Amino acid sequence: MVKVNDNFLKLPGGYLFPEIGRRTRAFAAQNPPMPLIRMGIGDVTLPLAPAVIDAMHKATEEMGHKETFRGYCEETCGAYDFLRFAIRDSYKATGVDIADDEIFVSDGAKSDCGNIGDIFSVDNVVAVCDPVYPVYVDTNAMAGRAGDYDGEKWTNLVYLPCTAENGFFPDLPARVPDIIYICSPNNPTGTAATAEQLKVWVDYANKHGSVILFDSAYEAFISEPGIPHSIYEIPGAKTCAIEFRSFSKTAGFTGNRCAYTVIPKALERGGANLNALWNRRQGTKFNGVAYVIQRAAEATFTPEGQAQIKESIAYYHNNANVIRHGLQAAGLTVYGGTNAPYIWCRTPDGMPSWDFFDLLLHKACVVTTPGAGFGPSGEGYIRLTAFGDADATREAVERITSILH
Ligand SMILES: *Cc1c(COP(=O)(O)O)cnc(C)c1O
């Protein structure tokens with residue numbers, strides 16, 4: 001009789017987004033007085049850049065002719081040189097030296113953040129920020145690294161509270177973790193770490209032999225000078241950090257699927273080279289990203305591609321400004337939105353997140369995300385996304401303002 005991986009049975013069952021969906025559908029079924037505006041899920045809404053579409057058309061045409069058709073990619077782990085070199089050059093342009101064989105192209109930063117656990121022992125102690133992108137927690141729970149869920153927390157995870165008091169960046173914990181997830185700019189809080197803040201963790205990881213898993217999926221949204229776009233801007237990071245990046249939020253690729261992970265060759269742990277281990281893992285379990293999509297990703301690095309994706313990012317930044325200023329004017333305390341497409345908003349009068357979610361849903365017909373769904377320290381906040389339509393965003397802010405007056 002087959003036995004299942006019973007770590008899966010310990011998972012609390014995708015509470016956050018299904019519950020938002022359930023409450024939203026129940027309300028929508030009662031004929032709300034206004035159309036719903038969805039500011040909950042973190043997905044982009046603008047179409048792909050024209051330079052990307054042109055590259056996809058061209059690559060699709062190539063696939064239709066014997067002379068230019070491509071099958072399995074025989075280059076490193078299914079990533080064509082043209083894309084790895086373009087990624088390497090884009091790092092170089094920002095002063096970060098990464099070799100092309102330190103770059104692994106994949107179908108998503110979500111997959112990589114989860115799959116990276118394959119190269120680490122199940123005995124490692126894992127630290128996550130609280131609130132947190134749920135993928136880090138659930139994938140470690142599936143691997144058996146999280147312990148048991150006690151209704152609020154996993155017993156073996158080290159939770160690093162990120163609150164208004166510490167500027168939403170974690171303090172060093174009492175128990176030393178082996179693996180540390182840091183996401184900057186942050187989902188869900190919308191805040192970004194400074195070089196000084198990151199340096200503390202890089203030094204700590206080097207000192208203790210820990211590894212930092214640095215998720216910079218939102219680096220393209222950094223608008224303030226002096227905020228690192230890459231962990232490798234911090235001296236010492238190449239001997240302790242793996243970086244995850246994605247075209248999803250940068251270039252609207254959420255439906256296209258393309259991302260990359262950097263593992264420096266200088267990163268050794270337990271007598272093993274982590275770049276070599278990941279290369280072995282990817283070579284065995286992954287056959288690469290579609291040729292057409294890799295050409296699409298390459299096009300984001302061309303001058304036209306860069307100009308076009310910057311326009312989309314400016315559009316989302318403008319939404320973030322509208323949300324931030326509007327909610328502040330309504331008397332709410334808000335964070336984020338300057339270096340990320342998310343606004344982290346304190347609920348009024350210490351109202352629980354789910355109550356404020358329900359209030360906004362029922363009175364303003366606006367769907368948000370309750371902060372409590374991202375971890376215990378998210379209680380007392382909601383997250384709003386700036387990825388929506390500009391007119392709908394403006395209207396949502398007006399509606400929220402009018403119900404709070
Ligand atoms: C959206 C997002 C990603 C990107 O995931 P993809 O699989 O590349 O689409 C990664 N990390 C965080 C925190 C995100 O919010």
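1. A salt bridge here is a side-chain nitrogen of Lys or Arg within 4 Å of a carboxyl oxygen of Asp or Glu. D101 sits in the loop between α3 (81-93) and β2 (103-106), and K265 in the loop between β8 (259-262) and β9 (268-269), so the pair ties together parts that are 164 residues apart in sequence. D101 is partly exposed at 34% relative accessibility, and K265 is partly exposed with a relative accessible area of 36%. The term buried stands for under 20% relative accessible area, exposed for over 50%, and partly exposed for values in between (1.4 Å probe, protein chains only).

2. Before going on, a word on the model and its numbering. This is a predicted model, in which local features need pLDDT of at least 70 and side-chain atom pairs count only at pLDDT 80 or more, while totals for chains, interfaces and linings use all residues. Residues are numbered from 1 along each chain as its sequence is written, and side-chain values use heavy atoms, with hydrogens and water left out. The helices (H or I, at least four residues) and strands (E, at least two) are DSSP runs, numbered from the N terminus.

3. Back to the charged pairs: the whole structure has 19 salt bridges. Side chains of opposite charge can pair when their charged atoms come close. Another of these links is between K285 and D118, whose closest N and O atoms are 2.8 Å apart. K285 belongs to helix α8 (residues 274-285) and D118 to the loop between α4 (109-115) and β3 (126-130), so this pair ties together parts that are 167 residues apart in sequence. K285 is exposed, with a relative accessible area of 56%, whereas D118 is partly exposed at 41% relative accessibility.

4. What about a pair within one helix? D203 forms a salt bridge with K199, with 2.8 Å between the closest N and O atoms. The two are 4 residues apart in helix α6 (residues 195-208), which means that about one helical turn separates them. D203 is partly exposed, with a relative accessible area of 38%, and K199 is partly exposed at 31% relative accessibility. Elsewhere, D81, R84, R88, D89 and D100 are linked in a network of salt bridges.

5. Helix α12 deserves a look of its own. This helix covers residues 390-404, has 15 residues and reaches 22 Å from its first C-alpha to its last, close to the 21 Å expected at 1.5 Å a residue; the expected span is 1.5 Å times one less than the number of residues. Which residues of α12 are buried? They are A390, T393, A396, V397, R399, I400 and T401. The buried residues of α12 pack against β1 (37-38), α10 (303-329), α11 (353-364), β13 (366-367) and β15 (381-385). At the N-terminal end, D389 caps α12, with a side-chain oxygen 3.1 Å from the backbone nitrogen of D391.

6. Next, two residues and their neighbours, where contact means heavy atoms within 4.5 Å. S248 is in helix α7 (residues 247-251) and is buried at 7% relative accessibility. Not counting residues up to four places away in sequence, S248 touches V44, F253, T254, R257 and C258. K153, in the loop between α5 (134-143) and β4 (158-161), is partly exposed at 29% relative accessibility. Leaving aside neighbours within four places in sequence, K153 is in contact with D148, Y159 and P376. The C-alpha atoms of K153 and P376 are separated by 7.8 Å, although the residues are 223 apart along the chain.

7. Finally, some backbone details to check on screen. The peptide bond from S184 to P185 is cis, with omega near -5°, and a cis peptide bond with omega about 20° joins N187 and P188. P185 lies in the loop between β5 (179-183) and α6, and P188 is also found in the loop between β5 and α6. N31, a residue other than glycine, has a positive phi near 50°; N31 lies in the loop between α1 and β1 and is exposed at 68% relative accessibility. C365 has a positive phi near 55° and lies in the loop between α11 and β13, where C365 is buried at 0% relative accessibility.

Notes
A polar contact is a pair of N or O atoms within 3.5 Å; within protein, one must be able to donate a hydrogen and the other to accept it, and residues adjacent in sequence count only if both atoms are side-chain atoms.
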